[in-house]
Amino acid sequence: MGHGASRLRRVVREVAKFGAVGGAGVLVNLAVFNLVRHTTDLQVVRASVIATVVAIVFNYIGFRYFTYRDRDKTRRTREMTLFLLFSAIGLVIENGVLYAATYGFGWNTPLQNNVFKFLGIGVATLFRFWSYRSWVFRALPAHEPAPDPLPHAEPAGLPKTRQQVP
């Protein structure tokens with residue numbers, strides 16, 4: 001297999017791991033959202049923000065120790081800062097969709113809340129995948145073998161067109 005096929009295989013594996021952690025994070029997000037909605041009097045978007053924050057913590061642990069465990073770990077402060085920054089942007093995207101549906105269009109039944117919460121998670125996930133893999137969990141530099149300094153050198157003392165057999 002060529003370099004392209006190997007790279008594609010790595011990306012597919014990364015997407016699968018990201019999806020596994022993200023899928024579990026979606027379940028955590030929706031479970032906490034519905035628990036908060038049914039056990040408190042908080043407004044829908046506030047309950048959603050709480051659920052998103054819980055899912056962000058869950059996802060960081062999953063991404064750092066499962067999806068991107070082989071990535072650079074030397075600058076954890078930078079990693080955590082960027083993760084929180086991009087997660088906050090994702091939180092705004094996710095909950096912005098729910099806010100627009102609830103307060104902009106008046107779609108505020110429990111089913112509609114869950115549909116737009118889920119849709120917001122989906123849109124934010126595309127952003128998060130790109131930002132986490134590009135900026136937060138940076139790949140370590142590839143180690144390539146050193147090139148042969150003289151790949152086509154002829155043995156000393158022999159003519160270039162024909163080698164003599166001793």
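Good morning. In the lining of the second largest pocket, helix α1 gives the most, with 8 residues. A pocket here is an open set of points on a 1 Å grid over the protein atoms alone, where a 1.4 Å probe fits, with protein on both sides within 12 Å along at least five of seven lines; lining residues have an atom within 4 Å of a point. Helices are DSSP runs of H or I, at least four residues, numbered from the N terminus.

The model is predicted: local features need pLDDT of at least 70, side-chain atom pairs count only at pLDDT 80 or more, and totals for linings use all residues. Residues are numbered from 1 along each chain, and side-chain values use heavy atoms, without hydrogens and water.

The second largest pocket holds about 260 Å³ of space. Among the 21 residues that line this pocket, Phe 18, Gly 22, Val 26, Asn 59 and Thr 125 are the closest to its centre. Two or more lining residues come from each of α1, α2, α3 (76–104) and α4.

The largest pocket has a volume of about 450 Å³. Its lining has 16 residues, and those closest to the centre are Arg 10, Glu 14, Asp 70, Arg 71 and Ala 139. Here too α1 supplies the largest share, 6 residues.

Is Arg 64 buried or exposed? Arg 64 counts as buried because its relative accessibility is 0%, where buried means under 20% relative accessible area with a 1.4 Å probe, protein chains only. The Arg 64 side chain reaches the backbone oxygen of Tyr 68 at 3.0 Å.

Terms used. Buried means under 20% relative accessible area, exposed over 50%, partly exposed in between (1.4 Å probe, protein chains only). A polar contact is a pair of N or O atoms within 3.5 Å; within protein, one must be able to donate a hydrogen and the other to accept it, and residues adjacent in sequence count only if both atoms are side-chain atoms. Grid points are joined across faces, edges and corners, and a volume is the space filled by probe spheres set on the points.
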